[in-house]
Amino acid sequence: MSRLQVVSGKGGTGKTTVAAALALALATEGKRTLLVEVEGRQGIAQLFETEALPYEERKIAVAPGGGEVYALAIDPELALLDYLQMFYKLGGAGRALKKLGAIDFATTIAPGLRDVLLTGKACEAVRRKDKAGRFAYDYVVMDAPPTGRITRFLNVNDEVAGLAKIGPIHNQAQAVMRVLKSPETAVHLVTLLEEMPVQETADGIAELRAAKLPVGRIIVNMVRPEVLDAEDLELVRGVPRSSVARSLSAAGLGGARRGGNAEKLVAPLLQQAEEYAERYALEHEQRAVLAEQGLPLHELPLHAEGMDLAGLYELATELREQGLS
Amino acid sequence: MSPEPAHAQDTARRLSPARVLGVDPLLDDPATRIVVCCGSGGVGKTTTAAALGLRAAERGRKVVVLTIDPARRLAQSMGIDSLDNTPRRVKGVDGDGELHAMMLDMKRTFDEIVEAHADGERAAAILNNPFYQSLSAGFAGTQEYMAMEKLGQLRARDEWDLIVVDTPPSRSALDFLDAPKRLGSFLDGRLIRLLTAPAKLGGRAGMKFLNVGMSMMTGTLGKLLGGQLLKDVQTFVAAMDTTFGGFRTRADATYRLLQAPGTAFLVVAAPERDALREAAYFVQRLAAEDMPLAGLVLNRVHGSGAARLSAERALAAAENLVEPRIVDQDGGKAGLRNSPDTYGSSDSPAPESPAGESSGPPASGTGSPGPDQEDEGAQGVEQLTAGLLRLHAERMQLLSREQRTRDRFTALHPEVAVAEVAALPGDVHDLAGLRDIGDRLAANRPELPEAAVD
């Protein structure tokens, strides 16, 4: 199992939720995982119902079974200051740079610099060991940028190539790429069973593969329960309305006769079944597209009431049962 | 003897929106010149923009739709799948109006600004500048900036009487208001001026201290970014500056265009917690910026033709149908014994159905198929009916969730007019689909037609 698990996905597919659930799932007994956020949205804090995360690793949850989940929201500005401090011993001048807007300026005109700082911090956590020589974290899970930007984000070498051919930035990029392109890393893509996210997932996988970045799994999120199966839907097409009316009546929903309460329900219920059938067919098509990618495919159920902490733990259990940890 | 408790219908429609957004009056009004569709990603903004454009055109206006990042099939349906950055007339539009559509190419738009404002040699120098190239292709905010720039251009051409514009799929819906300013102030900013004019700065005695800091800073940045990149930035900004006015001036001009009378903002959302939270945020922001909000378009609202049947009752009824089978394997009569009232009514076949088809449980042994087969058929129908009821229960739960989130929004913003658009089961990929969305937008009724009782 790769120690750096990168989770990407189209916006709105719930990649932060899946990343958080994965961090919980991987924190089995005695293990420690670090959940990393790179986009400054404080999505992790929201999910775990805590106050905004500082730029500092802190314990955020105990996983089912006793493992620990730490979280870190990487702030590129502070990461750059850290970095300048480390290599150039700037001291107070670093703060002056920040005040002048130079840090913002630097990360803005060179987005690759920002990315190498973010991925660099995550890779550092992956490689960090304690005094006993044990890894500080068994797994690092990254809530990464969306599918459309993930390859550029991870392929930092190309991004900073034009900017730094030698020197610390260059060395950092090299070190980051060694981790990212190794089996130590797996990039997972979260999608929904809808046309656009699936298309974007397929495109994203092709891009990642072209850049020789290791693609992990496809995680289909928010899968709706199957209420009617293919056989039922076949039956819907031919069923006499009168017998449905009688069934409804038998269930205690009023008269089956024309104009009776049960009979009046038949048309709208069949209409809903037709809509369901259309969606069912669409989802079937999208599943087929995903299956063609030749990657392990996992499905997580929809939490209709919205995601909360309890739901997150349920998803983590689900991921464990599906063998993701 | 209605089986539904009297309050069932009331709970479904307890709160109605404070105001209903009339889409047609907005589109028909000749004073409406620009409609901006904004909202968070994944709520159907682009489709809404396209549907509004088509509807306005078919109601007689000369319309151009500016889309940012349409789904492939939606773009194909309008014939704009080629990226040439100019409006193309859409074929197949009914009526006297015209519909033109285009897809934004941000790099090209940026190039065009440069070409339009600089002479050949200077333009070439800018276009070939490496910093310009990365800025125009990927700078955070460039897409938003260029979308606004293109809007300004289309408006200036004055060839259309209505422009419908989609906004970029930003991380936050607010990015499209902020990014142009951010890009503008970044390029016009203090730091970049300091970097591009160090000599001027050195001449002033009072700035000496700062100047020491500056050279240290340029040094550090140079080390970090590579001296070449910094030099590229400096030459680029200098070239841009001398050829045409500052970026901020341009950004400000588009900004004023958005505040002008004739512009109408539509906030697009889906009836989901996060999307509506973002929508509420956007509504407040538009008000703070004096941007004219026309209303909220609530996409993908579900309805039910059987809204009188509550989720709880549907589930209970489904259990009635399925449960007896688990304890009692003898067939379809078990369910009926529970409801002697309805026995009589289900015994007499519905008028439109020939007697032979009535393979319902009470009629056992009267039809041609053997009793076993028939029983199986009846069981199949009951299973299916139970499934239909569970599906309905799911729909009703969804409905009340949507209602709750929407009511929360209307409670916070009773002044915002709302247009609800009934959900479609699939994606839209042709004009007929867009027309259908347009009808739903204007009809503003999420309910499915009630079961026809002729």
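Colleague: Which residues in H12(A) meet which ones in H13(A)?

Modeller: On the H12(A) side there are A:Arg241, A:Val244, A:Ala245, A:Leu248 and A:Ser249, and they meet A:Ala262, A:Glu263, A:Leu265 and A:Val266 in H13(A). "Meet" here is contact: C-beta atoms, placed from the backbone, lie within 7 Å. By class, that makes six nonpolar, one polar and two charged residues. Nonpolar covers Ala, Val, Leu, Ile, Met, Phe, Trp, Tyr, Cys and Pro; charged covers Asp, Glu, Lys and Arg; the others, Gly among them, are polar. Keep in mind that this is a predicted model, where local features need pLDDT of at least 70 and side-chain atom pairs count only at pLDDT 80 or more, while totals for chains, interfaces and linings use all residues. Residues are numbered from 1 along each chain as its sequence is written, and chains are lettered from A and ligands numbered from 1 in the order in which they are written.

Colleague: Why are H12(A) and H13(A) called oblique to each other?

Modeller: Helix H12 (residues 241-250) of chain A packs on H13(A) at about 125 degrees, with the axes 8 Å apart. Under 35 degrees is roughly parallel, over 145 roughly antiparallel, 65 to 115 roughly perpendicular, and the rest oblique. So the pair is oblique.

Colleague: How do you know that the span of helix H13 of chain A agrees with its 31 residues?

Modeller: The expected span is 1.5 Å times one less than the number of residues. For residues 261-291 that should be 45 Å, and the end C-alpha atoms are 45 Å apart, so the two agree. There is still a kink of about 25 degrees at A:Ala267, shortly before A:Pro268. That bend is the angle between axes fitted to the seven residues ending there and the seven starting there.

Colleague: What makes H6(A) oblique to H9(A)?

Modeller: The axes of helix H6 (residues 111-127) and helix H9 (residues 168-180) of chain A cross at roughly 60 degrees and come within 9 Å. That angle makes H6(A) oblique to H9(A). Their contact has nine nonpolar, three polar and no charged residues.

Colleague: And in chain B, why is H5(B) called roughly antiparallel to H6(B)?

Modeller: Helix H5 (residues 106-117) and helix H6 (residues 120-128) of chain B pack at about 155 degrees, axes 8 Å apart. H5(B) is therefore roughly antiparallel to H6(B). B:Asp111, B:Val114 and B:Glu115 in H5(B) meet B:Ala123, B:Ile126 and B:Leu127 in H6(B).

Terms used: Helix = DSSP H or I, 4+ residues; strand = E, 2+ residues; numbered from the N terminus. Axes fitted to C-alpha atoms, helices over the stretch in contact; angles between N-to-C directions. Contact = placed C-beta atoms within 7 Å.
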